[in-house]
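Have your viewer ready and try each task before you read on.

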Amino acid sequence: MWEYTDKVKEHFLNPRNAGEVKDANAVGEVGSMACGDALKLTLKVGDNGKIEDAKFQTFGCASAIASASALTEMLKGKSLQEAERITNQDIADYLGGLPKEKMHCSVLGRQALESALSNYRGEAPKEQEGKIVCECFGVTDREIEKAIRENNLTSVEEVTNYTKAGGGCESCHDAIRELIARVRQEEAPAKRPKLTNIQKIRMIEETLEREIRPSLQQDGGDIELVDVIGNRVLVASRGACAVCKASELTLTHFVEAKLREMVWPELVVEEVPK
Amino acid sequence: MKTIYMDNNATTRVAPEVLETMLPFLTDLYGNPSSAYSFGGRVARNIRESREQASALLGASPEEIIFTSCGSESDNTAIMSALNTGKDKAHIVTTRVEHPAVKVLCNELVKRGCRVTEVPVDRKGELDMDRYKESLTSDTAIVSIMWANNETGVIFPVEEAAQLARSRGILFHTDAVQAVGKIPIDLQQSAIDMLSISGHKLHAPKGIGVLYVRKGTKFSPFLIGGHQERGRRGGTENTASIIGLGKACELAADRMDEENTRVKSLRDRLERELLNRIPHSRVNGGGAPRLPNTTNISFEFVEGEAILLRMDEFGICASSGSACTSGSLQPSHVLRAMGVPFTMAHGSVRLSLSVYNTDEEVDEVIDKLPPIIEKLRAFSPFWKPEGQACASGT
């Protein structure tokens, strides 16, 4: 039997905000029944940019239900900026902690929140970022890297606890070990003096001009820098890239790899609609 | 709050009659049965009686009974003995749905160079006998097939399987932990060479088991030490538990009828009423011959641990094959082997009864469980009310 805190038990037995917000304008859905847990988050964001209502529907165990209940409580009344800053650890802390094997329940909450916020911003639902590492639970390298970074994970076991990756047939354990090593390596040079935003944008522009656009243009495509928010690099594809189905692959693999190499290891490239 | 215990395939309460026979051996009668003086010798006599009681339940002779510490030790002993005495034979035949005591041991033996064939089961949970026959080779050291499955209660035709093994000169072991006391067993009339029992599944205490080894079977001890158990299992006898197990075997023989009549009808009513009251539910292994006390029901669109913890609020004890309760991230290997979809496996609940369960307890579960499923479904993203076409959720 799992050791749950009283708060987890209380939220599980009396979940807050179960159901669907009728006139929701932000909807996030993550997980699947096959994987053993799934969460649908519906939010009503007011004109003032504050979350007026939040509800959840969960298929999952006690801690998945409690995490979703906690998340909706945390979200109500928050501005979108505040909501964006809620991490999976915040959800776990709100509940007085979760058993380490159950941390993935809080990660599911954070993922549903991200999905709802990008839905609100009108971004197309991201199909799948990165490539699948864990076939059993459909977890991608991006998700694993993110969990490693945000929770400072150092072992395969921890990665499994937070993302489920590696919890099935175990054949991806070597790949997970490599991801851990890669993130650790990236974090070492991150101790170098931080770039200012201006420096970062300038370097991104230069890299795009020098290293990236020429190769894209060879194929009749092009790319335009739209904005840089923190480590998120928002770009729009032009020309052949804009209509090419493979362009997302190009963006995530080629452009991001180049920018990470030349500018900053934690940059994430995102495509915005024209 | 009263406990409604319906998890008897996990463990059982110690029968009061069993406890009573044990108590003197935990107080006054503490002599070592191997000692020369009568204070120890009388304990040896009680152990002999206990051995007779155990052999009577199995249709065996007393000298074919070895007392061990648990079912897992019995299983390990049987398989390792077959490998140690089987010359260079290094092939084991077992099933996909064995208890970890056999399954995990076989996984370990693969690492040490053995070859293991896991015979599959069909959707009903029944063994594929054709595949079983094909798997037997001249290199096969032992077959180990459970008599009845702990999760679904599905009964395997072990006597037929044992005959097939014997006709090829292969040793046959069965993990009968769940079957003993529920299915009549007469080893004199069978081709089974070794059989495992666990005390605590039979209303004896935890920490005591039996391995039956047919007379004339080559044997190599697992626990090496003193001359106890005629040199087949070292270690001073767990006297009180051995005495308790003997009594439990005697009780089991007396209660076998009740298990197959009263307990079975409780199980049948429980199962029927739950299926009637809860849409989108089904019995796992329902189409196969089953133990009289076990039902394993999947409730679609909800997750097992959540069901169990809400049942716990009413003092109802049960198990689930969901990932969250298995301690791993994948649902039960038994349900997966049967091809139960993950979506159903995650919502499975096993209720296993005993002679101590009552009509009132069954009423209570029939009353409490449907609203629990209903409440959890109410906030499941896959549940569409009115029971209409449901989201596939894969």
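A salt bridge here is a side-chain nitrogen of Lys or Arg within 4 Å of a carboxyl oxygen of Asp or Glu. This is a predicted model, where local features need pLDDT of at least 70, side-chain atom pairs count only at pLDDT 80 or more, and totals for chains, interfaces and linings use all residues. Residues are numbered from 1 along each chain as its sequence is written, chains are lettered from A and ligands numbered from 1 in the order in which they are written, and side-chain values use heavy atoms, with hydrogens and water left out.

**Exercise 1. Find the distance at which the side chains of K9(A) and D6(A) meet, and say where the two residues lie.**

Step 1. The N to O distance of this salt bridge is 4.0 Å.
Step 2. Both residues belong to helix α1 of chain A, 3 residues apart, about one turn of the helix. Helices are DSSP runs of H or I with at least four residues, and strands are runs of E with at least two, numbered from the N terminus.
Step 3. For accessibility, buried means under 20% relative accessible area, exposed over 50%, and partly exposed in between (1.4 Å probe, protein chains only). D6(A) is exposed at 62%, while K9(A) is partly exposed at 40%.

**Exercise 2. Treat E256(A) and R260(A) likewise, then find the network that they are linked in.**

Step 1. Their side chains form a salt bridge at 3.4 Å, N to O.
Step 2. Helix α11 of chain A (residues 247–262) holds both, 4 residues apart, about one turn of the helix.
Step 3. E256(A) is buried, with 3% relative accessibility, and R260(A) is buried too, with 16%.
Step 4. The network of salt bridges links R142(A), E145(A), R149(A), R182(A), E186(A), E256(A) and R260(A).

**Exercise 3. Which parts of chain B does the pair R269(B) and D363(B) tie together?**

Step 1. The closest N and O atoms of this salt bridge are 2.9 Å apart.
Step 2. R269(B) sits in helix α8 (residues 239–277) and D363(B) in helix α13 (residues 359–378), so the pair ties together parts of chain B that are 94 residues apart in sequence.
Step 3. Both ends are partly exposed: R269(B) at 22% and D363(B) at 39%.

**Exercise 4. Describe the contact of chain A with chain B.**

Step 1. Taking contact as heavy atoms within 4.5 Å, chain A gives 33 residues and chain B gives 23 residues.
Step 2. Buried area is the accessible area (1.4 Å probe) that two parts lose on being put together, summed over both. Between chain A and chain B this comes to about 2,200 Å², with 71% from carbon and sulfur atoms.
Step 3. The count of salt bridges between the two chains is 1. K102(A) and E305(B) form a salt bridge at 3.7 Å, N to O.

**Exercise 5. Where does I86(A) lie, and is I86(A) buried or exposed?**

Step 1. I86(A) is placed in the loop between α3 (80–84) and α4 (88–94) of chain A.
Step 2. With a relative accessible area of 5%, I86(A) is buried.
Step 3. Leaving aside residues up to four places away in sequence, I86(A) touches L71(A), M74(A), L75(A), I91(A), R110(A) and L113(A).
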